Each structure stands twice: as structure tokens, then as C-alpha cells.
Amino acid sequence: MAYTTIDKPLDHFETKIWTGNGSSQNISLDFAPNWVWIKQRSSTRFHNLQDTIRGTGLQLFSNTTGADNSDDTNITAFNSDGYSLGAGDNVNKNSSTYVGWSWKAGGSASSNSDGNITSSVSVNTTAGFSIVSYTGTGGGKTVGHGLGVAPRVFFMKNRGSADYNWSVWHADLATPTTARLGLNVATAQQNHSSYWNDGVPSATILNLGSDAGHNANGDTYIAYCFAEKKGYSKFRTYQGSANDDGPFIYTGFAPAFVMVKCFNQGEHWNMYDNKRGSSLALSPNLENADRAMDDSPAMELLSNGFKIRTSDANLSHTSGSFIYMAFAENPFVTSTGVPA
């Protein structure tokens, strides 16, 4: 029996850790990355997000409302086997420690006219990931994402203005036609008909309402879109229990990275990965360094999913509903049906 799965997740997503040298260095990957998210672990500093569509000189910060920031000292080149770092403190301060999460899209962007706003899209349909760039027009519109299937998650930011939060849409939010979360804030989900024009993504387009965070006339935007792929990614929900023997969440793979957010309560986002270890968390909405919760490990990464091992409300609020994003280190079962 054959399974539709990704046998080598490292061809599409990888976590790297390193120590800065204050000069320059190359970070090696098994693929050419198109979106790289870097955080200093040893000190308080902004999250640094760069992609091949906007280019090496521009950064966004997940913990602020800031627009594109121009700085050529962070990621200086996207390479066929990783990326190069300059001397910027956000990515390579001498003796500081860092983590970088990288995703592969589809290389150079192509024009997409599936929506009534033309977008530029770099897409990796195998791994279900696309980067979408467009210019807003105002009013209810649509924009193509290139995935060929409906995404379950997307991140969106107004690049041209510092007045608007990041938006995160997840298919399992309550009332998804009107709901979003802010990546840079700890608040519960917000709802408004102006966000998505009372629609959800289709196999070809994202719906855009009149909200200026998504579609102000003349403003530029970037969106990172994800569809689920067997053995590689899972974007679902779980319920908190507020005890140290918390829920087990089956993903069908050994997670390399998990990000969670309580969407009905005002709790922080939390990110875990298999390189820093499951006792250390970072939060997209905070500048904080690596931090350990009272229980260690707070999240146990297993061969076929993850288990919550803490009563901390950020991961297991007693009345909390949580969304999660998980990417694989290894599938639980390969494409030939053999346990990995």
C-alpha cells in the first residue's frame, strides 16, 4: 500500500541553531530557503523575518506592527544550500546564540491572476507552502495563493504601514469567516466581517475585506500560506487541561517544530523545536530570550505527535482552545508504508 506523504521533511523545512561571530557566516541547509525566521535566544531582541520575494535588504518583525525595515546586515544572501549572515545583532552578534527556522517555497515569484488582485507568488505545492505578495486596492477583493488546495493557515502583514497588527488565519478558529489572531499580540481571536469579506480561502484564492491590515488601497502586503501535507505538516486544535499530564496530539510524524496559541483566551504564542529542546519556548509576540516553563519539558515531542506536560495557561489553559502548527522531523510512516 502506498501513502501520499513526504519522506524527507528536511527538503522543505529545517531548524538551525548557531552562535554569532559578529562578522559573517553561512548557515547550511538541505535546500534553498525562501522564508527564514531568526530569533536571538540568549537575549532580548526582535524576531527577524526575511524572504526571497521582498529580498535580502528588508525585514519584518513578528513582535511588532512595524512595516518593512531596511537593513543589509542581517541575511545578506539566500543560497542554494542555506543563507549568509552579516554582522547584524538580530542574527549574528558575537557570542550570542540564535535559532533559525527555514521554509522552501518555489524560488522566484511568478504572476498569479487567480484573484481580482494580481499577486506575485512563490509556491512549493509538494510541501503546501506559498509566499504571496500583492498591492491592496481597498474593498472586497480576492488574491491568488498558488497552492492548488485551500490553505489551513496563513500569516499576513501590511508591509507599507506600521499601524496594523500581523494577522494569522487558521481554519479551526471559531467563526473562521470573520476571525483572525494577531501574531504580535497575546489577545484572543478578533472577529469582524471586514477581515475576509465573510469568506474562507479556496483552492485558488484568499478573500480580502476592506480592513486596512489586509487590503488598503496602494499599500503592499506579504502573506505566508500553508496547506496540510501528510507526514509533513499538521494545523489543527486541542483542548487544554491545566495539568501536568495534558493532552496528547497526534500528528502522524515526529515534530521538528510546533507553535501553539490559545485562541479563546489572552495567552502568549509559544514555539518549540527539536534543536533547542522541548523545555525551551520562544514567543513570536515577545522579544524575550529562550525561557523555560515551570514544568520541564513543557511539551514532549514524540515519534507520532506531541504531549503537553505543563499546567501553564500558555499551553494548557483549563478552558482554553488552542490552535497549533506542526512541521515534521520524520514521518511516522513512509510513502511505502514502512514505519520511519
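Two strands pair if DSSP finds at least two bridges between them. Strands themselves (E, at least two residues) and helices (H or I, at least four) are DSSP runs, numbered from the N terminus. This is a predicted model, in which local features need pLDDT of at least 70, side-chain atom pairs count only at pLDDT 80 or more, and totals for chains, interfaces and linings use all residues. Residues are numbered from 1 along each chain as its sequence is written, and side-chain values use heavy atoms, with hydrogens and water left out.

## Sheets

Three strands make an open sheet in the order E22-E28-E27, with antiparallel pairing. Strand E22 (248-250) and strand E27 (299-301) are the edge strands, and each pairs on one side only. From one strand to the next, the twist averages 20 degrees. For such angles, axes are lines fitted to C-alpha atoms, for helices over the stretch in contact, and values run from 0 to 180 degrees between N-to-C directions. Three bridges hold the antiparallel pairing of E22 with strand E28 (residues 305-308). Here Ile 249 stands opposite Phe 306 in E28.

A second open sheet has six strands, ordered E10-E11-E12-E19-E14-E15, and is also antiparallel. Its edges are strand E10 (110-112) and strand E15 (167-170); each has a single partner strand, so one side of each lacks a neighbour in the sheet. Neighbouring strands of this sheet are turned by 25 degrees against each other on average, direction ignored. Within this sheet, strand E11 (residues 119-124) and strand E12 (residues 129-135) run antiparallel and are joined by five bridges. Ser 120 has Ser 133 in E12 as its bridge partner.

## Cores and aromatic pairs

In soluble globular proteins, nonpolar side chains tend to be buried together. A nonpolar core is a set of buried Ala, Val, Leu, Ile, Met, Phe, Trp, Tyr and Cys residues joined through side-chain atoms within 4.5 Å. Buried means under 20% relative accessible area, exposed over 50%, and partly exposed in between (1.4 Å probe, protein chains only).

The largest nonpolar core has 36 residues. Trp 35, Trp 101, Trp 103, Phe 155, Tyr 224, Phe 226 and Phe 327 touch the most other members. Strands that each supply at least two residues of this core include strand E3 (35-40), strand E14 (153-158) and strand E29 (321-331). Apart from it lies another core, of 19 residues, among them Val 132, Tyr 134, Val 143 and Trp 196.

Contact means heavy atoms within 4.5 Å. Beyond four places in sequence, the residues that Trp 35 touches include Trp 101, Trp 103, Phe 155, Tyr 224 and Phe 226.

Rings of Phe, Tyr and Trp (its six-membered ring) pair if their centres lie within 6.5 Å; planes under 30 degrees apart count as stacked, over 60 as edge-to-face and the rest as tilted. The structure holds 32 aromatic pairs. In one of them, the ring centres of Phe 13 and Trp 103 lie 5.0 Å apart with planes at 50 degrees, so the pair is tilted. Phe 13 is in strand E1 (residues 13-19) and Trp 103 in strand E9, so the pair ties together parts that are 90 residues apart in sequence. Both residues are buried.

## Salt bridges

Side chains of opposite charge can pair when their charged atoms come close. A salt bridge is a side-chain nitrogen of Lys or Arg within 4 Å of a carboxyl oxygen of Asp or Glu. By this rule the count is 16. Among them are these:

| Residue | Partner | N to O distance |
|---|---|---|
| Lys 8 | Asp 30 | 3.7 Å |
| Asp 290 | Arg 276 | 2.6 Å |
| Glu 300 | Arg 309 | 2.9 Å |

Lys 8 is partly exposed at 40% relative accessibility, and Asp 30 is partly exposed at 42%. Asp 290 and Arg 276 are both buried. Glu 300 is partly exposed at 27%, as is Arg 309 at 29%. Salt bridges that share partners join Arg 41, Asp 273, Arg 276 and Asp 290 into one network.

## Two loop residues

His 317 sits in the loop between helix H4 (313-316) and E29. His 317 is buried, with a relative accessible area of 17%. Its contacts beyond four places in sequence include Gly 240, Gln 265, Glu 267 and Phe 322.

Ser 95 sits in the loop between helix H1 (89-92) and strand E9 (97-103). Ser 95 is exposed, at 54% relative accessible area. Beyond four places in sequence, Ser 95 touches Thr 19 and Gly 20.
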